[in-house]
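Hi there,

Here is the structure I promised to pass on.

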Amino acid sequence: MRSKDKSAEGVGRRSLFGLGAAVGVAGAAGSALFGARAAQAQLVDTSKSKLQQVLDRGHLIVGTGSTNPPWHFEDDTGKLVGMDIDMSRLLAKNLFDDPEKVEFVLQGSDARIPSLITDRVDIVVQWMTITPGRAQQVEFTVPYYREGVGLLMMADGGRFKKFDEVKAAGSDATIGAMQNVFIEDWVHQALPEARVDQFESPDATVQALNAGRVDAYLGDQSAIRWLMQQAPGRYVDGGYGWMPNSYASAVKPGDPVWLNWVNTVYREAMLGVDFPTFSASYKKWFGIDLATPKVGFPTEFS
Amino acid sequence: MLAYNFNWDVIWRQWPTIIEALLLGIGLAVASLAIGCIIGILCAFGRVSRHKWLDWAIWSYVEFIRNTPLLLLIFFVYFGLPQMGIRAFDKIESFILTLSLYAGAYMCEVFRAGLASIPNQYVEAAKAIGLRPWQRQLYVVLPVMFRITLPSISNTLISLFKDTSLAAAIAVPELTFTARQINANTFRVMEAWLTASALYLATSYAIAWVLRLVERRYSVIR
């Protein structure tokens, strides 16, 4: 969807150039001269792109966080790791042939848009959900994850193991969730009758699940996978996800060269030459083996 | 100047929920105080009885509770006990249990001090008129002790009422929980917490005022 929007914008820009050219023809006889100038302007544009700046600088500056596993967090040795970090390193690898040439600027979620606008970072790779409102302020890359909420339950000793069982239990089921905007509505969207117990933090909610205080933990799909990955055999996934949303990176608007380059890397990570790297990261953080995209056909048929 | 536009609508819309939450908090405090007083009396008598081991056991309980943060105790009862196989209490029961044990430790010390300050002549007089030991305790010692410790009991009730705010941590929908809920849903931080603060203040003051009337009627300390 995003790439279609982009091409539409591209057409818009080109037709503006066309209009400019028409005015040029009407205003002056030297239309050839104007065409040359337009072409030159585009060339200058390319060399002024963030892509060139980053290449000249010799390292990439990425805005991200450090407190949200499995996206961006510090491991036992204090090293910044996670899916977002892997995506950033993939960009560096394709820029400098060295995944270590990244400078991470750690920031809160509320700094994601301002840090791009003020040029503090080249790109934000920080579990950013695409929303039309945000897309008016920054430009989004192609999404690299589809987030949603799901239910985490105990593999042993719990009352339920599947989403359908929880749903069938109606008001007899208690769902634990972190206190957040309209969290009850989120639960009730899929489980209209379930009771909701709200806790201050995700870890308190998981403790409530461990203690059997709640029948299921409502969390982001990625968090559920991460928890299952952390304690193999302890939990099960209810098998149904809702509240879909897309995670993508964002760049400062108005730089099609840079955006297109990042998009190329992301798309080819998911479908092309970097698939082995991408699927290894996916396996590491979410515990899921991705099926190799079908070869012998264009993407649309894979 | 405070550059903030207040919008109290979010509070009025939730008013019934807020009042319900406040009443729940008062209920939790009163229930815990009642159970805590029973624990306290038993422990106080246990300590003044001359059984070394009983004295030691109660001393350990009191010191353990008094030197542990209440929130930690709440978490232990709510999260810990079920994982040790004890699943008897729901969230409200486990909170009342915790707060009662907490109140019990404090009341034990209060009552012990109360017992110690009962003039010896009272007990002598009770003996003189031929009361049996249990009658002496029930008709003479206990009433006098209660009247002596009344100001401390009111103090404890107010303090327990404010401690009920910690129940929010285990999803008990009392006042703090509700304020945080409004906060999360509407981002009306000032309105939510100002309302909660005002209600805590007003309720604590009201409790203090009612208890002062009771004290004026019954207390032996003037």
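Below is what I found, chain by chain and then where the chains touch.

A word on conventions: residues are numbered from 1 along each chain as its sequence is written, and chains are lettered from A and ligands numbered from 1 in the order in which they are written. This is a predicted model, so local features need pLDDT of at least 70 and side-chain atom pairs count only at pLDDT 80 or more, while totals for chains, interfaces and linings use all residues.

Chain A has 11 helices and 13 strands (DSSP runs numbered from the N terminus: H or I of at least four residues for helices, E of at least two for strands). Of its 302 residues, 34% are buried, meaning that 20 or more other C-beta atoms, placed from the backbone, lie within 10 Å of the residue's own. Taking contacts between residues at least 6 apart in sequence, 66% join residues at least 24 apart; a contact is a pair of C-beta atoms, placed from the backbone, within 7 Å.

UniProt, in an unreviewed entry, places "domain: Solute-binding protein family 3/N-terminal" at residues 59-289 of chain A. That stretch is 35% helix and 28% strand, with its end C-alpha atoms 31 Å apart.

Helix H4 of chain A (residues 83-96) is worth a look. Because 10 of the 14 residues of H4(A) are buried, the helix is largely enclosed by the rest of the structure. Among them are Asp84(A), Asp86(A) and Arg89(A), along with Leu90(A) and Leu91(A). Just after H4(A), Asp97(A) takes a positive phi of about 60°.

In chain B, an unreviewed UniProt entry puts "domain: ABC transmembrane type-1" at residues 18-211, and this part is 83% helix and 0% strand. Helix H9 of chain B (residues 189-218) has 30 residues and should span 44 Å; its end C-alpha atoms are 43 Å apart, which agrees. Its buried residues are Glu191(B), Ala192(B), Thr195(B) and Ala196(B), and they pack against helices H1 (9-13), H2 (15-48) and H8 of chain B.

Finally, the interface: 12 residues of chain B are in contact with 14 residues of chain A. On the chain B side, helix H4 (70-83) and helix H8 (175-186) each supply at least two residues.

Best wishes

Notes: Buried ≥ 20, exposed ≤ 12 C-beta atoms within 10 Å, placed from the backbone. Contact = placed C-beta atoms within 7 Å. UniProt positions renumbered as here; feature names shortened; annotations may be inferred. Expected span 1.5 Å × (residues − 1).
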